[in-house]
Amino acid sequence: MTRRFGGLIAVNDVSFEVREGEIFGLIGPNGAGKTTLFNLMTGLTPPSSGTLTYRGTRVTGLAPHRVAGLGLSRTFQNIRLFRGLSALENVKIAGHLRTRAGLWQGVFGLARAEEDAATRRAWDLLDLVGLSDRAGELAGNFSYGDQRRLEIARALATEPRVLLLDEPAAGMNTAEKGQLTSFIREVRDRFDLTVLLIEHHVPLVMGLCDRVAVLNFGQLIAVGDPASVQRDPRVVEAYLGGE
Ligand SMILES: Nc1ncnc2c1ncn2[C@@H]1O[C@H](COP(=O)(O)OP(=O)(O)OP(=O)(O)O)[C@@H](O)[C@H]1O
């Protein structure tokens, strides 16, 4: 895919495949085009040219909620929680994307049985991310790291097949970053997911990902397993050498 913004080519003829079940990292210096690529994948930004295919279905051109409905769910670099709602409500509302009743009833009320099931599921997900003891607290009061975990719970509530994480470690302290690696693996295994993540913290990417793609000025300069990507002279020059 390619995406231009006026004269700037934010994503320049980038092409790669992500395999089912892998944890795939997207790295590159600031402004390399990583978030734009996520936006292209999830329907937030239309490409100038090119297409994305998911299991034989053309994703390009679909609205974001339809992309989520196909099973591609994401978190954001700039967290987008409902700050004035509780942690539990944030997760429940996301889950309504998946219920037959849909989002409107999610906002205006569900049948009792569905409501109970949605609440149970939201509790389970909060438990998974370690926030069930704070289910009633407003999301806006959570620390940065906890908001990121809540965002992951919210993304999981849509029952994705592919989870896209935009800088999941941003704002986390060293201990939280350490836990994040095993947490993402656990989530992948438990829900049978494919995970794509954008991350600036290179040791985390190298320790976690099965394969890594490197963008620089919108271009894909390397893709492969972490060790070979780390040795690639173009990567060293563009990115790792500057660290
Ligand atoms: N909506 C937009 N309008 C104009 N330019 C944009 C827009 N979105 C992104 N860009 C530009 O596209 C380029 C790629 O930005 P992008 O945010 O995708 O990079 P990134 O690799 O995610 O960077 P970072 O690591 O800093 O988040 C940048 O030069 C950015 O200024």
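1. Helix axes here are lines fitted to C-alpha atoms over the stretch in contact, and angles run from 0 to 180 degrees between N-to-C directions. Helices (H or I, at least four residues) and strands (E, at least two) are DSSP runs, numbered from the N terminus. The model is predicted: local features need pLDDT of at least 70, side-chain atom pairs count only at pLDDT 80 or more, and totals for chains, interfaces and linings use all residues. Residues are numbered from 1 along each chain as its sequence is written.

2. Overall form. The protein has ten helices and ten strands. Its C-alpha atoms fill a box of roughly 60 × 40 × 30 Å along the principal axes. The radius of gyration, taken over C-alpha atoms, is compared with a globule rule of 2.2 Å times the number of residues to the power 0.38. For 243 residues a compact globule would be near 18 Å, and the protein's 18 Å agrees.

3. Helix 3 with helix 6. The axes of helix 3 (residues 87-95) and helix 6 (residues 144-156) come within 7 Å and cross at roughly 30 degrees. The two helices are therefore roughly parallel (angles under 35 degrees count as roughly parallel, over 145 as roughly antiparallel, 65 to 115 as roughly perpendicular and the rest as oblique). Their crossing is right-handed (the near helix is turned clockwise from the far one by less than a right angle). Ala87, Asn90, Val91 and Ala94 of helix 3 meet Leu150, Ala153 and Arg154 of helix 6, where contact requires C-beta atoms, placed from the backbone, within 7 Å. By class, this contact has five nonpolar, one polar and one charged residues. Ala, Val, Leu, Ile, Met, Phe, Trp, Tyr, Cys and Pro count as nonpolar, Asp, Glu, Lys and Arg as charged, and the others, Gly among them, as polar.

4. Helix 3 with helix 5. Helix 3 also packs with helix 5 (residues 112-128), at an angle of about 120 degrees and with the axes 9 Å apart. That makes helix 3 oblique to helix 5. This crossing, too, is right-handed. Helix 3 contributes Ala87, Leu88, Val91, Lys92 and Gly95, and helix 5 contributes Ala118, Thr119, Arg121, Ala122, Leu125 and Leu126. The contact has seven nonpolar, two polar and two charged residues.

5. The residues around the ligand (C-beta atom, placed from the backbone, within 6 Å) are Phe5, Leu8, Ala10, Gly28, Asn30, Gly31, Ala32, Gly33, Lys34, Thr35, Thr36 and Gln77. Strand 2 (8-11) and helix 1 (34-41) are the elements that give two or more residues. Helix 1 gives the largest share, three residues. The shell has four nonpolar, seven polar and one charged residues.

Terms used: Two residues are in contact if their C-beta atoms, placed from the backbone, lie within 7 Å.
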